[in-house]
Amino acid sequence: MISGVGSCLPGRVIGNRDEPLASLDTTDEWIRSRTGIESRRWVEPGTSTGDLAVDAARSALRRAGRPVVDLVVLATTTPDHHSPATAPAVAARLGLGTVPAFDVSAACSGFTYALAAGDAWVRAGTAQCVLVVAAETLSTITDPSDRGTAVVFADGAGAVVLRAGSSHEPGAIVATSLGSDGTQDDLAVVRAGGSRWPDHAGETSLADRCLRMRGPQMFSHAVRRMTASSRSLLEEVGWPVDSVGAFIGHQANQRILDKVADLVGVRAEARFGNIREVGNTSSASIPLVMDDLVARQAVTPGTRTLFTAFGGGATWGSVALSWPLIKEHE
């Protein structure tokens, strides 16, 4: 069950009329009508994914009463280094000692994957408390001249603390559902820099060193997979869709979110998001929305809640849980 939530957003705000977006062949109206985004946050040079992850995690741990953590799972597409993983450094900076820590790379579905992993460790009795973090600095792998990605992607981090508890407590994770389809691995990809395309000489074009996305195809696959995953999970846990009081989809595109919610049948008043203000933060988007709602006390603890996400890979995942009761701790 979730006992703590935290987040971190960079201070640099990039509006649709600000540089470098103002130099693109686009307009504020075009961006808003196609994505629902009015502004996004980008890190300043020198700020890393790990930096955001640490700040978000500290907030979540404080709200959870600073428990003893047995495991750290970090979801990210933009680790501080190709090797080693970023999670161990985050654990060390948080003063968590020599606990096991690992990264999860599942693109925009990363938080649902990391949450499912932490849930499994607790259910298995291997851990009593798991810190799950999702952090991204997508601006570092985005080509500012590419209209298809520069207007969409943003930076941020969110974290939750999982602990063993009762299935009847607010914050209990009821079930998770994950999936992937590797035949669609070119929907969103950074082609150069890995073992398939090492680019030792550094001669690869910017286009191949940055994230590229097949927008129309991504839209259709995201809608189909998130809808099917949500419906399947609701059937598994026996929840009528009209009993869901909080729905948070991955903040990829407002049109995708609206389409999925309509197809699943989620009530308008149960739909929550922040894409307009912070853009698409990939794996961090769901916990960022969650932390904002907790801060505003916008959802009643115990409310039936559904998360769903789709990302490059292709990967997707959904989580059914009850809304947590988060207490403030000094």
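Analyst: Buried means under 20% relative accessible area, exposed over 50%, and partly exposed in between, with a 1.4 Å probe and protein chains only. Helices (H or I, at least four residues) and strands (E, at least two) are DSSP runs, numbered from the N terminus. This is a predicted model: local features need pLDDT of at least 70, side-chain atom pairs count only at pLDDT 80 or more, and totals for chains, interfaces and linings use all residues. Residues are numbered from 1 along each chain as its sequence is written, and side-chain values use heavy atoms, leaving out hydrogens and water.

User: Why is Ser39 called buried?

Analyst: Its relative accessible area is 15%. The cut-off is under 20%, so Ser39 is buried. Ser39 lies in strand 3, residues 39-42.

User: What does Ser39 touch, leaving aside residues up to four places away in sequence?

Analyst: Contact means heavy atoms within 4.5 Å. The partners of Ser39 include Val13, Ile14, Asn16, Ile275 and Glu277.

User: What makes the approach of the Ser39 side chain to the backbone oxygen of Glu277 a polar contact?

Analyst: A polar contact is a pair of N or O atoms within 3.5 Å; within protein, one must be able to donate a hydrogen and the other to accept it, and residues adjacent in sequence count only if both atoms are side-chain atoms. The Ser39 side chain reaches that oxygen at 2.8 Å. The distance is therefore within the cut-off.

User: Which residues of helix 8 are buried?

Analyst: In helix 8 (residues 254-264) they are Ile256, Leu257, Val260, Ala261 and Val264.

User: How do you know that they line one face of the helix?

Analyst: Seen down the axis of helix 8, they fall within an arc of 125°, so they line one face. The arc is that of the directions from the helix axis to the C-beta atoms. These buried residues pack against helix 7 (215-237), strand 11 (246-249) and helix 9 (275-278).

User: What caps the N-terminal end of helix 8?

Analyst: Asn253 does: a side-chain oxygen lies 2.7 Å from the backbone nitrogen of Arg255. Gly265 follows helix 8, with a positive phi near 95°.

User: What makes strand 8 and strand 11 edge strands?

Analyst: Four strands form an open sheet in the order 8-13-12-11, with mixed pairing. Strand 8 (173-180) and strand 11 each have a single partner strand, so one side of each lacks a neighbour in the sheet.

User: How do you know that strand 8 pairs with strand 13?

Analyst: Two strands pair if DSSP finds at least two bridges between them. Seven bridges join strand 8 to strand 13 (residues 315-322), so the two pair. They run antiparallel. Ile173 stands opposite Leu321 in strand 13.
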